[in-house]
Amino acid sequence: MLEHDRYIELRLRGVVRGVDFPGESSYRRAVECGRLLLDATDVERIEADVLWLASFVRSVQALGSFRTAVVAPSPLVFGTFRQVLAYRGDLPHPAPVEFFQSREPALSWLLRGTESAAG
């Protein structure tokens, strides 16, 4: 997890197994900040089960509401994370999630309404 001025960034690299995700305190910071950039640019493949990932996302988003921009240039990673979103179900604190193939539009959307897009 990386902290920027107006958002928290989670960079995923290599193989996504799920067990390597940061703990709850990191996600509480995303709730406090209100914005999370999930950068999956360097993901090679996803081995974690989609339903497990959806359950994980649901548990994180149950901590509170925050906007999430997902950057996933790979069609396979993009599609898998879209499936995760579809399977996460209803949340007590629904928040917008958008998917992008590159970082610049993701940051622009994520930071909409703040002073500047510099992180």
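Tutor: We will take the labels one by one, keeping in mind that this model is predicted.

Student: Why is T68 called buried?

Tutor: Buried means under 20% relative accessible area. T68 has 7% relative accessibility, so T68 counts as buried. T68 lies in strand 4.

Student: What is T68 in contact with, leaving aside its neighbours within four places in sequence?

Tutor: Contact needs heavy atoms within 4.5 Å. By that rule T68 touches L36, Q61, P96, V97, E98, W109 and L110.

Student: Why is the pair R29 and E3 called a salt bridge?

Tutor: The nitrogen of Lys or Arg must lie within 4 Å of a carboxyl oxygen of Asp or Glu. Here the N to O distance is 3.0 Å, so the pair meets the cut-off. R29 belongs to helix 1 and E3 to strand 1, so the bridge ties together parts that are 26 residues apart in sequence.

Student: How do you know that E32 and R29 form a salt bridge too?

Tutor: The closest N and O atoms of E32 and R29 are 3.5 Å apart, so the pair passes. Both residues lie in helix 1, three residues apart, about one turn of the helix. E32 has 61% relative accessibility, so E32 counts as exposed.

Student: What does the salt bridge between E47 and R17 tie together?

Tutor: The side chains of E47 and R17 meet at 3.3 Å, N to O. E47 sits in the loop between strand 3 and helix 2, and R17 in the loop between strand 2 and helix 1, so the pair links parts that are 30 residues apart in sequence. At 42%, E47 counts as partly exposed. R17, at 44%, counts as partly exposed as well.

Student: How many salt bridges does the structure hold?

Tutor: The structure holds seven. E9, R11, D39 and R103 are linked in a network of them.

Student: How do you know that the buried residues of helix 1 line one face?

Tutor: Helix 1 covers residues 24–33, and Y27, A30 and C33 are buried there. Seen down the helix axis, the buried residues fall within an arc of 115°, so they line one face. The face turned away from the buried side carries the exposed residues S25 and E32.

Student: What covers the buried residues of helix 1?

Tutor: The cover includes strand 2 (8–16), strand 3 (35–46) and helix 2 (50–61).

Student: What puts the buried residues of helix 4 on the same side?

Tutor: In helix 4, A106, L107, W109 and L110 are buried. They cover an arc of only 165° around the axis, which puts them on the same side of helix 4. These buried residues pack against strand 3, strand 4 and strand 5.

Student: Why are strand 1 and strand 5 said to stand at the edges?

Tutor: The open sheet has five strands in the order 1-2-3-4-5, with mixed pairing. Strand 1 (2–3) and strand 5 (97–100) each have a single partner strand, so one side of each is left without a neighbour in the sheet.

Student: How do you know that strand 4 and strand 5 pair?

Tutor: Pairing takes at least two bridges between the strands. Strand 4 and strand 5 are joined by four bridges, so they pair, and they run parallel. One example is A69, whose bridge partner in strand 5 is E98.

Student: What makes a set of residues a nonpolar core?

Tutor: Its members are buried nonpolar residues joined through side-chain atoms within 4.5 Å. The largest one here has 26 residues, and L12, F21, V70 and F81 have the most contacts inside it. Helix 2 gives the largest share of this core, five residues.

Student: Which residues belong to the other core?

Tutor: That core lies apart from the largest one and has 10 residues, among them V71, A106, L107 and W109.

Terms used
Residues are numbered from 1 along each chain as its sequence is written. This is a predicted model: local features need pLDDT of at least 70, side-chain atom pairs count only at pLDDT 80 or more; totals for chains, interfaces and linings use all residues. Side-chain values use heavy atoms; hydrogens and water are left out. Buried means under 20% relative accessible area, exposed over 50%, partly exposed in between (1.4 Å probe, protein chains only). Helices (H or I, at least four residues) and strands (E, at least two) are DSSP runs, numbered from the N terminus. The arc is that of the directions from the helix axis to the C-beta atoms.
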